[in-house]
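This briefing covers overall dimensions, a surface patch and an aromatic pair. The sequence and structure are shown first.

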Amino acid sequence: MSNRETSLLYSALGGEGWIPRAGALHDERDTIWSDFGVSSECGRLRSVVMRRPGPEIETVTDVKSALWIDLPDPVRAREQHDALAGIYTSCGVQVSYVADTSQARPNLYFMRDTFAMTPEGAILARPASGNRAGEERIAAWTLASLGIPIVLSIHGHGTFEGADLMIVNDDLALIAQGRRTNEAGARQVENLLREIGYGQIVRVILPEDCMHLDCILSLPDRDLALLDAARTPPVLSETLRHHGFRMLAAPDETEARRGMSVNLVALEPGLVVMPAHNPATRRLLEEAGVTCLEVDISELMKGGGAVHCMTGVILRDAV
């Protein structure tokens, strides 16, 4: 073996020329990776990824096969999506978009379902319905193109959708289990969160008539929880109360279910964007000190989701 070959071999084994990798993945933000991370539901929102509904919503003829409530008007749906993105932009939030692709499914504009952000990177979902299978591949490509690390891809027989995870604070996370996230998927998410240091991880078993955790819970401020009380499992309210949260019960069942009033996004502590036409819920939030920005997304809600569902969060400030 030549001296040159020996030198290369020793370099590869840690000899001269080897540079040890310093720090952890989180320390590589703004160098190898773009900035990312979520450690609460209400820290100042900095960047999101969204899918402006494309031609895929125009081909749907059977609302049941699309998992929708009704057929949206494509033109109005896009105008409403632009209005939501416009609120984000006007509040200083960077909005990135999923590129057009022939593989897009009609529900892809519900980007929250396709991944969930943690303090260490993204968890790539595996949707439970075959109608949405493959959306995770588009999400993976999008996250990679934005420079966001994927720290877990749900695998095996696990299913998980991002709207079933809420990072409450540095020590508490909530994982919902139901029709969209099964036990195997929840276990994979829980194992990851324990590995990155979460001390309390609470499993929430959803009722049969609840799609995701964000259908019954939002956290509009540091110590404030808005709940669809009639569908909230006791373990959820008890956990939040134990952590010092004030409880607000959505005051109108029609607003909570049909108006999706709980499905909102905090722009910063005490400032939210929420679906329009929910006056009782808005009044309740304002009485609790929360400023509410409304957006009409009535056409988009025909797909079965609202503001939180359409917003794939990339970065929030710590609170």
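A residue counts as buried under 20% relative accessible area, as exposed over 50%, and as partly exposed in between. With a relative accessible area of 41%, Leu 9 is therefore partly exposed. The model described here is predicted.

**Overall form**
- The protein has seven helices and 15 strands.
- Its radius of gyration is 21 Å, close to the 20 Å that the globule rule gives for 319 residues, so the protein is as compact as a globular protein of that length.
- The C-alpha trace spans about 80 × 50 × 40 Å along the principal axes of the protein.

**Burial, surface and contacts**
- Buried residues make up 54% of the 319 residues of the protein.
- The protein has an accessible surface of about 14000 Å², and carbon and sulfur atoms account for 51% of that surface.
- Of the contacts between residues at least 6 apart in sequence, 71% join residues at least 24 apart.

**Nonpolar surface patch**
- Leu 9 belongs to helix H1, which covers residues 3-12.
- Together with Tyr 10 and Leu 13, Leu 9 forms a nonpolar patch on the surface.
- The accessible area of Leu 9, Tyr 10 and Leu 13 together is about 350 Å².

**Aromatic pair**
- The count of aromatic pairs comes to one.
- Tyr 109 and Phe 110 form this pair, with 4.2 Å centre to centre and 40° between the planes, and the pair is tilted.
- Tyr 109 and Phe 110 are both buried.

Key. Residues are numbered from 1 along each chain as its sequence is written. This is a predicted model: local features need pLDDT of at least 70, side-chain atom pairs count only at pLDDT 80 or more; totals for chains, interfaces and linings use all residues. Side-chain values use heavy atoms; hydrogens and water are left out. Patches are made of residues with over 30% relative accessible area and no salt bridge: like charges are joined within 9 Å, nonpolar side chains (Val, Leu, Ile, Met, Phe, Trp, Tyr) within 5 Å. Accessible areas come from the Shrake-Rupley method with a 1.4 Å probe; for residues, only the protein chains shown count as cover. A salt bridge is a side-chain nitrogen of Lys or Arg within 4 Å of a carboxyl oxygen of Asp or Glu. Helices (H or I, at least four residues) and strands (E, at least two) are DSSP runs, numbered from the N terminus. Buried means under 20% relative accessible area, exposed over 50%, partly exposed in between (1.4 Å probe, protein chains only). Rings of Phe, Tyr and Trp (its six-membered ring) pair if their centres lie within 6.5 Å; planes under 30 degrees apart count as stacked, over 60 as edge-to-face and the rest as tilted. The radius of gyration is taken over C-alpha atoms; the globule rule is 2.2 Å times the number of residues to the power 0.38. Contact means heavy atoms within 4.5 Å.
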